[in-house]
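Good morning, and thank you for coming. I would like to take you through one structure, beginning with a detail of its backbone and then turning to its pockets and one of its helices.

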Amino acid sequence: MNAAVRRDIFFSFFMFTADLRPQDSDYTQVLISHLKALTEMGYDGFDLHIATQPETVDHRIEVDSYVGLKKAFDEAGLREVKFTTNVGTTRTFDPTSPYQEQRRQALSYLKSRVDITRVLGGDSIMSGPFLYPYGVFPVTDAGAPMWSDALQDWMKSRYHAARSIFEELAQYAAAQEVKLAIEPVKSWETPPPNSVSEVLDFLEGLGPRSGGVTVDTAQVVMESQGPEAFRENIARAARQDRLSYVHLSAPDRGAVRDSWIPWDIVRTEIEPVYRGPYLVEVFNAIPPFDSSMRMARRRFWRPGEDDPVRGVDSAYQVALAALDEVRAQLPSA
């Protein structure tokens with residue numbers, strides 16, 4: 001990228017919530033107040049998690065609720081703000097299921113998430129762990145957990161089952177101008193894919209227009225084989241035009257300033273070949289993240305939602321410090 005062209009910097013709403021509650025007009029005003037404060041800081045866009053609803057909820061009703069949410073954002077003066085989405089699959093909506101009916105159910109769910117991404121962000125990115133269900137660890141018929149070689153061997157048939165679903169999903173997303181970016185997540189959170197190479201292996205079997213991969217610095221530090229493997233994977237993703245999204249996140253998923261993010265590798269390996277926005281991703285210690293990520297640190301208090309805590313940074317202070325850090329570390333930011 002030409003260093004003279006400033007790259008967009010997005011902020012993840014995992015700082016505030018895992019559920020936007022689009023049908024809750026009072027909570028929409030809370031979201032709008034956060035969006036305005038963060039936009040005034042200098043953020044160009046935001047990544048929004050699209051919560052899963054019970055399987056009995058009609059996806060068309062879900063999509064319509066996000067149409068209403070986007071309308072409220074626009075009317076609040078946020079029409080020019082950019083949005084990407086974070087999506088996960090679940091035990092119910094499982095595209096790797098051995099059962100065709102369940103795979104078709106998952107495809108319908110994922111198409112609705114593409115629609116929501118289009119509604120919120122237009123020509124945008126749908127990222128997240130939406131290949132294998134997040135956090136659903138398999139067990140044997142006897143109820144024993146599967147690990148190591150047994151888990152890897154078990155995943156082969158799941159990847160194979162998901163192929164036709166993802167081929168159809170990729171065609172649908174391309175027609176909606178939504179870019180798919182599968183995010184590998186570390187092994188103590190969820191079964192494979194846990195690494196960038198595992199996502200690329202899956203996508204290579206589907207063809208050139210099947211989507212790409214999200215590279216998250218936290219996941220890479222905690223799960224990858226090392227710097228050399230990272231360089232090879234970034235080069236491989238770039239050659240195939242599959243480097244779709246980059247998340248800048250500290251290994252403890254907390255504040256970005258003074259963290260263990262490998263800035264030197266981001267500068268030397270990602271900056272020259274990546275063309276999209278950077279996402280600053282900070283997980284606040286709020287439900288459900290405090291338990292799912294086993295957080296032992298204090299939460300950042302959210303202006304307008306929590307009482308201020310003496311000696312504890314607010315969400316806005318953490319966001320502003322992160323933006324300053326990214327701009328200081330990366331030439332294109």
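**Backbone, pockets and a helix**

Arginine 294 is exposed, with a relative accessible area of 61%. Please bear in mind that the model is a predicted one. Arginine 294 sits in the loop between α9 and α10 (315-329). Its phi is near 55 degrees, a positive value in a residue other than glycine.

A second residue also deserves a look here. Glutamate 177, which is not a glycine, has a positive phi of about 60 degrees. It belongs to the loop between α4 and β5. Is glutamate 177 buried, partly exposed or exposed? With a relative accessible area of 44%, glutamate 177 is partly exposed.

Let me stay with the backbone and turn to cis peptide bonds. One of them runs from proline 192 to proline 193, with omega near 5 degrees. Proline 193 is found in the loop between β5 and α5 (196-204). Proline 287 and proline 288 are likewise joined by a cis peptide bond, whose omega is about 5 degrees. Here the loop is the one between β8 (278-280) and α9 (289-292), where proline 288 has its place.

The largest pocket has a volume of about 770 Å³. Which of its 33 lining residues are the closest to its centre? They are Asp123, Ser124, Ile125, Lys179 and Ser244. Two or more residues of the lining come from each of β3 (82-86), β4 (124-128), α4 (148-175), β5 (178-182) and β7 (243-248). By class, this lining holds 15 nonpolar, 9 polar and 9 charged residues.

The second largest pocket contains about 500 Å³ of space. Of the 26 residues that line it, Phe14, His49, Pro129, Tyr134 and Phe289 are the closest to its centre. Its lining divides into 13 nonpolar, 8 polar and 5 charged residues.

Finally, I turn to helix α2, which spans residues 59-78. At its start, a side-chain oxygen of aspartate 58 comes to within 2.7 Å of the backbone nitrogen of arginine 60. Buried residues of α2 include His59, Glu62, Val63, Tyr66, Leu69, Lys70 and Phe73. An α-helix has 3.6 residues a turn, so residues three or four places apart point the same way. What do the buried residues of α2 pack against? Their partners are α1 (25-41), β2 (45-49), β3 and α3 (100-121).

Thank you for your attention.

Terms used
Residues numbered from 1 in each chain as written. Predicted model: local features only at pLDDT ≥ 70, side-chain atom pairs only at ≥ 80, totals over all residues. Heavy atoms only, no water. 1 Å grid on protein atoms, 1.4 Å probe; cavity = no way out; pocket = protein on both sides within 12 Å on 5 of 7 lines; lining within 4 Å. Points joined across faces, edges and corners; volume = space filled by probe spheres on them. Helix = DSSP H or I, 4+ residues; strand = E, 2+ residues; numbered from the N terminus. Nonpolar A, V, L, I, M, F, W, Y, C, P; charged D, E, K, R; others polar. Buried < 20%, exposed > 50% of the residue type's maximum accessible area, 1.4 Å probe, protein only. Contact = heavy atoms within 4.5 Å. Polar contact = N/O pair within 3.5 Å; in protein donor to acceptor, adjacent residues only side chain to side chain.
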